[in-house]
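The two exercises below concern the packing and the open space of one protein model. Please work through each task before reading its solution.

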Amino acid sequence: MFQKGEYVTYSNNGICLVQDITTLNISGVDKSRKYYLLKPVFASTSTVYIPVDTAEASLRPAISKEEAQSLIKSIPDIPAIPLTDEKTLEKTYKEYMRSNSCKSWIQLIKTIYLRRENRILKGHKVTALDSRYFSLAETFLYGELSIALDKPKDEVKSYIASCLD
């Protein structure tokens, strides 16, 4: 069970703060069922309620500073996604995003980066699908690393680059 004040990663919203563990006083809702009240860190106007008893499927603890630093060092060794079919591209991208894993987000970023470079070399445009999932993976990854490393989110990308140089 997560505690109030703890950072967690929620599969649909990225890094969140557990603001409270409470019951809901809404008609039609079981008054005895407990919920996590989550505040997405980088979407401060949102509030998310997740039932405590089903949270395990979509919530995980945010990574620690040590885990973040280890993850960054391992980036060169993390493989790109082996893509087999253009028709199942979005399905594959969604699976990697839903995995709620920093490593999967890195794989997605690497894969789309390489696809984009290859398309540009061939004189093709970058696809909207690639752009959308690249941005989403970066948002989730940099958000979580920002909290773990206690750095502003907009400095995380350059921090990663400096660590890998």
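**Exercise 1.** Determine which element gives the largest share of the lining of the largest pocket, and describe that lining.

*Solution.* The model is predicted, so that local features need pLDDT of at least 70 and side-chain atom pairs count only at pLDDT 80 or more, while totals for chains, interfaces and linings use all residues. Residues are numbered from 1 along each chain as its sequence is written, and side-chain values use heavy atoms, with hydrogens and water left out.

Step 1. The largest share comes from H3, with six residues (helices are DSSP runs of H or I, at least four residues, numbered from the N terminus).

Step 2. In total 15 residues line the pocket, and Ile 109, Glu 138, Tyr 142, Lys 157 and Ile 160 lie nearest its centre; a pocket is an open set of points on a 1 Å grid over the protein atoms alone, where a 1.4 Å probe fits, with protein on both sides within 12 Å along at least five of seven lines, and lining residues have an atom within 4 Å of a point. The elements giving two or more residues to this lining are H3, H4 and H5.

Step 3. By class, the lining holds eleven nonpolar residues, no polar ones and four charged ones (Ala, Val, Leu, Ile, Met, Phe, Trp, Tyr, Cys and Pro count as nonpolar, Asp, Glu, Lys and Arg as charged, the others as polar).

**Exercise 2.** Find the residues that Leu 71 is in contact with, leaving aside neighbours within four places in sequence.

*Solution.* With contact meaning heavy atoms within 4.5 Å, the partners of Leu 71 are Ile 63, Ile 78, Cys 102, Lys 103, Ile 106, Leu 141 and Leu 145.
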